Amino acid sequence: MNQQPVIGLTSARMFMEDTFLNGIPKASVNTDYIDAVIKAGGIPISLPPVCGLPEIRRYIELCDGILVTGGMDVSPILYHELPHSQCGSFDLEMDRTHIALIQETIRADKPLLGICRGMQLINVALGGTLYQDIPAQCPGCGGHSFAHVRSDAVHTVTLEEGSPLHRIYGRTELEVNSIHHQSVKDPGTGVKLCAIAPDGVAEGLWVPGKKITAVQWHPEMLLLKSEESLCLFKNFIGLCR
């Protein structure tokens with residue numbers, strides 16, 4: 001029997017507001033990620049936003065692959081910078097949990113797929129840095145943080161020929177959606193950028209010799225209107241079998 005791979009999805013820690021449960025932490029995962037994994041043939045499970053190394057290692061044993069999801073900003077403390085005035089909210093304890101999860105997944109040689117914040121975290125976990133705010137720190141770059149319908153494509157990206165993303169999508173240019181204001185600045189050890197927006201902002205990466213692919217846009221949201229991006233999730237699930 002062809003067993004469905006178990007995919008661990010990183011969850012976000014949120015604190016309840018404006019209810020009688022004020023201040024109570026809540027773990028959440030956007031259902032778009034869950035739906036994409038199921039549609040691609042996997043079994044998604046939500047991983048806790050904060051846990052210790054023994055638990056992280058056990059979760060990696062249970063999972064066939066890890067999907068590092070999007071969410072809030074990454075703490076600049078993790079790449080030895082002070083927060084910029086335009087850096088948004090971050091959760092350092094959660095960030096450290098996700099960094100450890102990424103590093104342990106790499107040690108276990110299991111597939112990693114990063115989306116938006118997930119791409120940023122993978123780069124930081126490998127020693128890279130980020131633009132804390134694209135408009136403030138990357139002159140001439142913009143148009144990445146949109147308050148728009150999440151399934152709308154708003155700009156193009158160019159995929160490097162011969163890269164995994166080029167092979168997966170079978171083309172060198174894609175129309176993508178963008179909901180972010182941070183991005184890769186200095187690539188981490190072994191990181192290769194393989195998708196670039198017209199303004200030069202990094203939109204995709206991979207690590208040669210490792211089962212690591214990440215994108216800055218939100219393919220799981222694009223699936224609401226078109227199944228073109230399903231190929232990315234099917235490729236990931238295939239690596240996890």
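Author: Helices (H or I, at least four residues) and strands (E, at least two) are DSSP runs, numbered from the N terminus. The model is a predicted one, in which local features need pLDDT of at least 70 and side-chain atom pairs count only at pLDDT 80 or more, while totals for chains, interfaces and linings use all residues. Residues are numbered from 1 along each chain as its sequence is written, and side-chain values use heavy atoms, with hydrogens and water left out.

Reader: What is a salt bridge, and how many salt bridges does the count come to?

Author: A salt bridge is a side-chain nitrogen of Lys or Arg within 4 Å of a carboxyl oxygen of Asp or Glu. By this rule the count is 10.

Reader: Where do R107 and E104 lie?

Author: Both residues are in helix α3, 3 residues apart, which is about one turn of the helix.

Reader: Which residue forms a salt bridge with E104 at 3.2 Å?

Author: That residue is R57. E104 lies in helix α3 and R57 in helix α2 (residues 53–62), so the pair ties together parts 47 residues apart in sequence.

Reader: Is E104 buried or exposed?

Author: Buried means under 20% relative accessible area, exposed over 50%, and partly exposed in between (1.4 Å probe, protein chains only). E104 is buried at 12%, R57 is partly exposed at 42%, and R107 is exposed at 60%.
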